[in-house]
Amino acid sequence: MSKILITGATGNIGFELIGFLSKLESPKNSVAGVRDIDRAKAKFHKYSDLEYTHFDFTNPETFDNALNGIEKVFLLRPPNIANVDKYFKPFITKIKENKVNKIVFLSVQGVEKSKVIPHHKIEQLIINNKLDYVFIRPSYFMQNLTTTLLPDIQNNREIILPSGNAKFNWVDIKNIAEATAILLNQFDHYKNQIVEITGLENKSFESVTSIINSIVTHPIKYRNVSPFHFYRIKKQQGLPRGMIIVMLLLHYLPRFQKEPKISSSYKKLTGKNPTDLKTFVEREKVLLDK
Ligand SMILES: NC(=O)c1ccc[n+]([C@@H]2O[C@H](COP(=O)([O-])OP(=O)(O)OC[C@H]3O[C@@H](n4cnc5c(N)ncnc54)[C@H](OP(=O)(O)O)[C@@H]3O)[C@@H](O)[C@H]2O)c1
């Protein structure tokens, strides 16, 4: 029994993780825990041996079946689920009851500084339940440029944020997923460790905009706005309130914090340097130039 249940499998990290895991483990060992199996099968059509199980954080009736025959769990907090007591506590209790005991949780860099963010509470739940764990704490995803920030880039050729000159550490999701696959595969070696996965560059949005403009044909601007103005713009664009608040916290608070730490964990795990921003923008040029 060496099966790994992968939550958030159809998302940004999960999709890449399944790809990297398929190179390290027998593809039959990965079980994608998903809400819609047919949609997931279409997404993972390349991975014919991948197994699927119905799993929904909001439906505890799916937990026992999803954990049946599982040795390790990759746990990801979907951005739309913030209530830890309501959704994560019952799942982590079930993990314990099912004697799974090996959990790799995708947390976030700096989690130790804030007791209010869900990831902090989830880490504590895992520790309090005496599960063996690896906490992966990545920095700011480069892919925010090609997901949440993309509509403003494509439609208005701008990035609008309340970030001032704050510097973010930029990391490629592919690097996070590759490191995660290794940590899952060699869990016993890394158990009960905290692993920060970062890129090598701490850069402001102004600097990142310059990098983008050195590569794309249609330049973009960085528009720094007040948190209030940001809230109004995003509300007018129809974003849900909860999502605007999360974006505000993620992009405004770093103005008052120290620059992020740069970690060597990715290099130690893979022997390679993490992706740099220029390489990422060149890779995603078509999307960013539309
Ligand atoms: N953005 C950043 O810079 C950053 C930095 C550090 C850490 N993080 C953390 O990274 C995580 C997000 O990772 P991501 O970008 O890979 O997420 P994502 O692309 O938004 O994917 C979310 C996944 O969760 C699944 N999901 C949603 N609701 C579910 C439910 N009720 N039950 C079961 N599955 C459900 C989705 O499945 P469906 O296909 O069914 O919707 C999808 O597979 C968050 O915890 C975030 O805080 C983000």
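**View 1. Leu 250 has its place in helix H11.** Helices here are DSSP runs of H or I with at least four residues, strands are E runs of at least two, and both are numbered from the N terminus. This is a predicted model, where local features need pLDDT of at least 70, side-chain atom pairs count only at pLDDT 80 or more, and totals for chains, interfaces and linings use all residues. Residues are numbered from 1 along each chain as its sequence is written, and side-chain values use heavy atoms, with hydrogens and water left out. Leu 250 comes out at 40% relative accessibility, so it counts as partly exposed; buried is under 20% relative accessible area, exposed is over 50%, and partly exposed is in between (1.4 Å probe, protein chains only). Skipping its neighbours within four places in sequence, Leu 250 is in contact with Tyr 140 and Phe 168, contact being heavy atoms within 4.5 Å. Pro 162 sits 88 residues from Leu 250 in sequence, yet their C-alpha atoms are 9.7 Å apart in space.

**View 2. Helix H11 (residues 241-252) and what covers it.** From first C-alpha to last, the twelve residues of H11 reach 16 Å, close to the 16 Å expected at 1.5 Å a residue (expected span: 1.5 Å times one less than the number of residues). Its buried residues are Ile 244, Met 247, Leu 248 and His 251. They take up an arc of only 105° around the axis, so they lie on the same side of H11; the arc is taken from the directions from the helix axis to the C-beta atoms. Among the elements covering these buried residues are strands S7 (140-141), S8 (158-161) and S9 (168-171), plus helices H9 (205-213) and H10 (227-236).

**View 3. Strand S8 and its partner S12.** Glu 158 and Ile 160 point one way from S8, Ile 159 and Leu 161 point the other way, and all are buried. S8 runs parallel to S12 (residues 221-224), with four bridges joining them; strands count as paired if DSSP finds at least two bridges between them. Opposite Ile 159 you'll find Tyr 222 in S12.

**View 4. Strand S5 (residues 102-106), largely enclosed.** Five of its five residues are buried, so the rest of the structure largely encloses S5. Lys 102, Val 104 and Leu 106 point one way, and Ile 103 and Phe 105 the other.

**View 5. Crossovers and Glu 123 in helix H5.** S4, helix H4 (residues 84-97) and S5 form a right-handed β-α-β unit, and S5, H5 (residues 118-128) and S6 make a right-handed one too. Right-handed means that, with the strands pointing away from the viewer, the path from the first strand over the helix to the second runs clockwise. Glu 123 counts as buried, at 5% relative accessibility. Its side chain makes a polar contact with the side chain of Ser 107 at 2.7 Å (a pair of N or O atoms within 3.5 Å; within protein, one must be able to donate a hydrogen and the other to accept it, and residues adjacent in sequence count only if both atoms are side-chain atoms). Beyond its neighbours within four places in sequence, Glu 123 is in contact with Phe 105, Ser 107, Val 111, Phe 135 and Arg 137.
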